[in-house]
Amino acid sequence: MNGSIFQLLFERAANENVIIQNADKSRYITKISDEDSELLSDAKLSALLLGRKSRIVQIEHREETYFCLFDFPEPDVPPEGIEATPLTPALFTCAVLEAKVLSNATGSEIKNAIESDFIDNAGYAGHKLDVITPLFPTVLAYKGSVYYEYQHDLQRITGSFIARTLDNLQIELERTTIESLIDFFEAGPRHIPYANIVRGMMTLTWEGLFLDTYRCIEQIYSCTKVAALKNDWASNKPLRQLAELLETHLSWRPKEEDALIAILEKCDKASIKEACILLRIPTEETVHVDGQETVRPRTDEKLAKSVAGNIYSIRNNLVHYRPIHEMVKKNDSEWNCIIRLMLKLVREAYELFGPSFFEDGISAIPIPPQQEVTIA
């Protein structure tokens, strides 16, 4: 693996027509300890590429977890349970090779750094790490903790780092929205497709972040219908597998707006009322009783239906481009509020339905027996 690092440097120099003498000679990065060297062969690695240059690599070795971030701004405060740690030869080598990080040095810089030292030279004890790292993009090293569940998911780690480093974002997130995102990644239910939110945060527009957040709920649209079906047709399969079977064999899938309504009806009533205030949905209605007009609170079901209709309308106007659909025009403040609302609703929906939707042998959330199950 050490040889592969130097091969990357030779190739980079060759691309600039810079000839390095003794390129056929072996070179390596100076070892600092046996334990660090063991990591080279035993570590479990995974990498996430963000755009053309930024990379995050997760390195698991025995009971330890490390993260290496390339070409990434340093957060003022790292994610919960994560602390900066010294970069070691093994961490650097594993991360560079797993993430396919290329040298950004000039051919001359590479030649000056590595040409004169190689294994046949008397007294050669390897190249110091601080000689090699400047030849690659800036790398930050962190150590995690086994006591934090979210750290086992590289998408969640990435999302937390991104939310804490605004230099990587193109949209104007308010501090409250940033805090909501951080808490979402670090403390949210584990079944949420966090990759959607990571992608949305890296977008150039609010519309992109909204749609990627919306798609999180879209994934579980079938949950209420399939849960009701499961009450009458016992199965140990998770709801997701049953939904796949229905769509594969019967070409059935839920109607989107109806499915969104059914999910929001199960969410916390206070959250729905907050959503009504945000979306300017009336919480009261005027009715005629005995010939008199009376103002009364709208039912929870009506409020959930209105919130679902409003969110679904935003989605349709963004996705479709037919004459009936209007352009969505909202300022940064309005979008911040909408994104916070969507994060809250996604989180509640997955707390309610995530386990039964994805896991074997988990009872679905109770569905009222009078609810009729139809395949439409």
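I began with helix H11 (residues 239-250), which has 12 residues and reaches 16 Å from its first C-alpha to its last, close to the 16 Å expected at 1.5 Å a residue; the expected span is 1.5 Å times one less than the number of residues, and helices are DSSP runs of H or I, at least four residues, numbered from the N terminus.

I note that this is a predicted model, in which local features need pLDDT of at least 70 and side-chain atom pairs count only at pLDDT 80 or more, while totals for chains, interfaces and linings use all residues. Residues are numbered from 1 along each chain as its sequence is written, and side-chain values use heavy atoms, with hydrogens and water left out.

I looked up the buried residues of H11 and found Leu239, Leu242, Ala243 and Leu246 (buried is under 20% relative accessible area, exposed over 50%, partly exposed in between, with a 1.4 Å probe and protein chains only). Seen down the axis of H11, these fall within an arc of 100 degrees, so they line one face of the helix; the arc is that of the directions from the helix axis to the C-beta atoms. The face turned away from the buried side carries the exposed residues Thr248 and His249. I then checked the packing: the buried residues of H11 pack against helix H10 (223-232) and helix H15 (332-358), where contact means heavy atoms within 4.5 Å. After H11 comes Ser251, whose phi is positive, near 55 degrees.

How values were computed:
Helix = DSSP H or I, 4+ residues; strand = E, 2+ residues; numbered from the N terminus.
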